[in-house]
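Please read it beside the sequence and the model.

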Amino acid sequence: MEKINNVTEFIFWGLSQNLEVEEVCFVVFSFFYTVILLGNLLIMLTIYRGKLFKSPMYFFLSYLSFVDICYSSVTAPKMIVDLLAKSKTISYVGCMLQLFGVHFFGCTEIFILTVMAYDRYVAICKPLHYTTIMGCDRCNKLLLGTWIGGFLHSIIQVALVVLLPFCGPNEIDHYFCDIHPVLKLACTDTYIVGVVVTANSGTIALGSFVILIISYTIILVSLRKHSAENRRKALSTCGSHIAVVIIFFGPCTFMYMRPDTTFSEDKMVAVFYTIITPMLNPLIYTLRNAEVKNAMKRLWGRKVFPEANGK
């Protein structure tokens with residue numbers, strides 16, 4: 001059967017149909033997006049200028065910040081502009097690209113968080129072998145693996161959608177092109193595609209989450225053998241990672257660990273993992289990590305008070 005595709009663009013319903021609510025949301029999310037950009041750029045710059053990137057933990061943290069910027073930028077700018085627009089449209093190609101970007105950067109972030117947990121496991125449970133196991137070459141290979149994994153996941157998702165016929169309607173009850181709302185518009189039975197999509201996303205989300213839980217459980221148990229000072233430092237670092245994992249995987253599990261269906265709460269949940277989480281990550285890693293805070297004080301203290309520091 002030949003594929004029929006009469007749809008050249010999609011229309012978003014957006015976050016709300018109330019104009020006053022949209023105006024408030026415009027101000028709020030413009031502020032949030034600004035915080036995302038500045039906060040994550042600050043962490044990246046601090047790690048680079050403070051030469052912390054030589055440490056595997058901060059090497060991966062800098063890329064996590066980069067992915068957070070990219071991840072939120074796939075949806076946030078379009079959403080913010082649409083809040084004041086009368087017509088919230090996106091082309092078919094633009095929708096497919098947005099779908100690819102959301103899953104590419106979202107999946108890459110999941111894998112980076114998993115690699116960061118592995119790094120903490122090696123540092124705390126195998127400290128004598130840490131520099132050997134987490135060498136520069138190993139870190140680069142792990143990072144490359146996260147990008148390849150994210151690409152493979154997202155290309156499968158998009159390929160499944162591109163093969164479907166869209167002959168109308170073309171209204172998406174969302175503020176960006178996500179897999180479940182788009183599948184609802186296909187003018188064919190999407191049961192099999194929905195099962196494959198759920199299996200793809202669910203395996204990655206659940207598998208990574210289980211690995212993370214096991215890793216941090218082993219780490220916390222092994223901390224009993226360390227001194228009080230080492231426990232405090234390790235808990236401070238791991239606490240940041242665990243907090244980020246919970247606030248990211250909670251909404252993702254709700255969205256993708258279920259059959260091909262949509263709920264009215266989906267848009268609010270999506271706001272949490274596409275906007276709120278990337279905004280909170282820099283705050284969590286900065287406030288909970290003494291080394292990052294000290295690096296910021298040293299770096300920006302020199303920038304703001306160069307003469308005083310030179311005396």
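**Note on selected features**

1. Phe151 belongs to helix H5, residues 136-162; helices (H or I, at least four residues) and strands (E, at least two) are DSSP runs, numbered from the N terminus. This is a predicted model, in which local features need pLDDT of at least 70 and side-chain atom pairs count only at pLDDT 80 or more, while totals for chains, interfaces and linings use all residues. Residues are numbered from 1 along each chain as its sequence is written, and side-chain values use heavy atoms, leaving out hydrogens and water.

2. Phe151 counts as partly exposed because its relative accessibility is 40% (buried is under 20% relative accessible area, exposed over 50%, partly exposed in between; 1.4 Å probe, protein chains only). Together with Leu144, Ile148, Leu152, Ile155 and Ile156, Phe151 forms a nonpolar surface patch of about 530 Å² accessible area. Members of a patch have over 30% relative accessible area and no salt bridge, and nonpolar side chains (Val, Leu, Ile, Met, Phe, Trp, Tyr) are joined within 5 Å, like charges within 9 Å. A salt bridge is a side-chain nitrogen of Lys or Arg within 4 Å of a carboxyl oxygen of Asp or Glu. Accessible areas come from the Shrake-Rupley method with a 1.4 Å probe; for residues, only the protein chains shown count as cover.

3. Thr114, in helix H3 (residues 92-125), is buried, since its relative accessible area is 16%. Leaving aside residues up to four places away in sequence, Thr114 touches Ser208, Ile211 and Leu212 (contact: heavy atoms within 4.5 Å).

4. In strand E1 (residues 9-12), Phe10 and Phe12 make up the covered face, Glu9 and Ile11 the uncovered one.
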